[in-house]
Amino acid sequence: MTSSWMSRLVRRSEQLDPLEPEIIAVLIGETPGCFSKAAIEQALLFEITELVAPHIEAGASSKATIERVAAVVALAARSAARRPQLDDALSEVVERLATVGQRARVVKGPAAAHSLYSSPLERAYNDIDLYLDPTSNIDELRALLSALDVGQQRSDALLELVRRARPLHEFTAHIGGVMIDVHFNPFGLVSPVIDGRALTARFAPRGDFDVPDPELGLLVTLVNLTRKGGGALWLVADALRYAERADRIVLAELASRERVRGIAERGLHRIDLLRVDSAAASVPTHRALAIPEPDTAGMPFRQTRIVLQRERSATTESVVALLRWYLPGRLQRAARRD
């Protein structure tokens, strides 16, 4: 018998309408001249008001009510008002890591905002994501954890897991009221990365911090998109922009090394189809591939779903890591205690 949460998930999936042409346009980076009533509602539903509001403020018309259009602009303004707090936290992280001779490797939302959009304010995010190379020298990692104000007991547990080649895939710290999400695996997978040094080499300077190159940025986005579902439209927008810049051969090599090539290829196929479909998006029957999948973030099977899709050579290691995540031992509990 289907559980209640699964029933709700199925109902929500059935009720979702195809993305409106204007929404597809802003995801791709184009400039629509007018927003339909349905497009304004989708901007609110999928929380991409930061992408839509600049077009409205630049003079794009809308068939929606003044109140709904104003809601889009107001939500985008609220996001912009919080950005200084996030920027200050990012600057603080950069400065703290610089004191121990390290540059901050920023991933996901902040990296995309500063690399892919005409204005960082167009890409919403609520925390700062950092990547730590699990193959780094233990003393260097200890200094980094100390710079992030990670407590001694927690730091010891995190480092012991690194020594055992079983690093926690992510943990959180807080600076200036902002969550700092620290990743030993930037793909959001519970199992360790295959080659941490190779991933580190794919970061390049962007101002005071480092961001992934297009190939790594795209791979991180595609794997996270698979985890969260197409309803996470920020990830769709990121993937579309990274895909324009990435070398597909290099991407395939990187994905193969990390044993997620199948996941990446399926995600990239959907992104490519969305771009092709944009030309015919005014015909609803041509927009089936643009229907957002339900957002599975927070669902109990989120990690299971993606871990079991990894290539066979990584399955055993991944399943063991999955069990440790849901049934943590003493070290895992200490490392996750915030």
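Predicted model: local features only at pLDDT ≥ 70, side-chain atom pairs only at ≥ 80, totals over all residues.
Strand β4 (residues 128-131) pairs with β6 in the parallel sense, over four bridges. Within the pairing, Asp129 has Asp181 in β6 as its bridge partner. Strand β6 itself spans residues 178-183 and is mostly covered, since five of its six residues are buried.

Strand β6 also pairs with strand β5 (residues 170-175), here in the antiparallel sense and over six bridges. In this pairing, His174 stands opposite Met179 in β6. Two residues separate β5 and β6, and the two strands form a hairpin. Gly176, in the turn of that hairpin, has a positive phi of about 60°.

In soluble globular proteins, nonpolar side chains tend to be buried together. The largest nonpolar core of this model has 61 residues, of which Ile23, Leu27, Phe187, Leu218 and Leu219 touch the most other members. Helix α11 (residues 233-245) gives the most to this core, with nine residues. Apart from its neighbours within four places in sequence, Leu218 is in contact with Ala239, Tyr242, Ala243, Ala246, Leu251 and Leu268.

Thr200 lies in helix α9, which covers residues 196-200. Thr200 counts as buried because its relative accessible area is 17%, under the 20% limit for that class. When neighbours within four places in sequence are left aside, the contacts of Thr200 are Arg105, Tyr131 and Asp133.

Glu140 is found in helix α7 (residues 138-147). With a relative accessible area of 39%, Glu140 is partly exposed; this value falls between the limits of 20% and 50%. Glu140 and Val100 are 40 residues apart in sequence, and their C-alpha atoms are 8.1 Å apart in space.

Leu327 occupies the loop between α15 (312-326) and α16 (330-336). Its relative accessible area is 65%, and Leu327 is therefore exposed, the limit for that class being over 50%. Together with Leu323 and Tyr326, Leu327 makes a nonpolar surface patch of about 330 Å².

Methods
Residues numbered from 1 in each chain as written. Heavy atoms only, no water. Patch = residues over 30% accessible without salt bridge, like charges linked within 9 Å, V, L, I, M, F, W, Y side chains within 5 Å. Areas by Shrake-Rupley, 256 points an atom, 1.4 Å probe, with all protein chains shown as cover. Salt bridge = Lys/Arg side-chain N within 4 Å of Asp/Glu carboxyl O. Buried < 20%, exposed > 50% of the residue type's maximum accessible area, 1.4 Å probe, protein only. Contact = heavy atoms within 4.5 Å. Core = buried A, V, L, I, M, F, W, Y, C linked by side-chain atoms within 4.5 Å. Pairing = 2+ DSSP bridges.
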